[in-house]
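Work through the exercises below with the sequence and the coordinates side by side, and try each task before reading its solution.

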Amino acid sequence: MWTVAVAGLLIATVCVVLVIRRMRGRLTVVTVHGQSMAPALHPGDRVLVRRTALAGVRSGDVVMVARPSLAESATWTVPGVAKSAVVADDAWADATGAWLIKRVVAVPGDEVPRDTVEALRHTAEQAVPPGRFVAVGDNAELSFDSRTCGYFTDEQLWGLVVKRLEPAVPPHA
């Protein structure tokens with residue numbers, strides 16, 4: 001009888017370890033900084049992000065993306081940062097962080113949202129091209145997003161925000 005119980009426990013343990021190993025690197029917990037996603041998310045909120053490819057993203061989803069490179073920053077503006085400081089690495093990183101959390105408004109094949117995304121107003125494409133997507137912050141006045149830099153690429157996509165988590169430290173009453 002003990003042999004069967006030990007074997008069952010061993011099998012269950014191996015299954016749990018395999019699931020954990022498979023999920024490692026696919027999920028991460030991120031703390032929100034900045035007001036760009038208010039009122040949906042606020043500074044200090046924590047979210048669970050699942051690694052995903054662009055094919056798994058739909059319009060309306062909230063995603064985590066790598067901030068765009070500085071290479072084309074001369075045409076960009078960042079709310080709250082002087083235009084001349086946008087091209088400096090330190091000011092850029094302080095203003096935008098290494099990662100951005102944004103809401104997807106168009107994926108490949110969707111109509112280009114020219115009316116709401118200034119940076120894409122004069123683009124020639126009628127539809128969002130393959131490997132590209134449009135993402136914006138809910139709080140337009142405080143968001144660096146597609147309205148400023150245009151398309152995000154599938155390489156910049158880290159994953160999909162799947163859940164807002166409880167605060168790490170409960171607020172003081």
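Buried means under 20% relative accessible area and exposed over 50%, with partly exposed in between, for a 1.4 Å probe and protein chains only. The model is predicted, so local features need pLDDT of at least 70 and side-chain atom pairs count only at pLDDT 80 or more, while totals for chains, interfaces and linings use all residues. Residues are numbered from 1 along each chain as its sequence is written, and side-chain values use heavy atoms, with hydrogens and water left out.

**Exercise 1.** Determine whether Ser36 is buried or exposed, and find its contacts.

*Solution.* Begin with the position: Ser36 lies in the loop between strand 1 (27–31) and strand 2 (46–51), where strands are DSSP E runs of at least two residues, numbered from the N terminus. Next, compare its relative accessible area with the cut-off; Ser36 has 13% and is therefore buried. Finally, taking contact as heavy atoms within 4.5 Å and leaving aside neighbours within four places in sequence, Ser36 is in contact with Ile101, Lys102, Gly137, Asp138, Asn139, Leu142 and Ser143.

**Exercise 2.** Describe the largest nonpolar core and the elements that contribute to it.

*Solution.* A nonpolar core is a set of buried Ala, Val, Leu, Ile, Met, Phe, Trp, Tyr and Cys residues joined through side-chain atoms within 4.5 Å. The largest one has 14 residues, and those with the most contacts inside it include Val65, Phe133 and Phe152. Two or more residues come from each of strand 3 (62–66), strand 4 (99–106), strand 5 (132–136) and strand 7 (157–165). Apart from this core lies another, of eleven residues, among them Val32, Leu41, Val62 and Met64.

Note on methods. Helix = DSSP H or I, 4+ residues; strand = E, 2+ residues; numbered from the N terminus.
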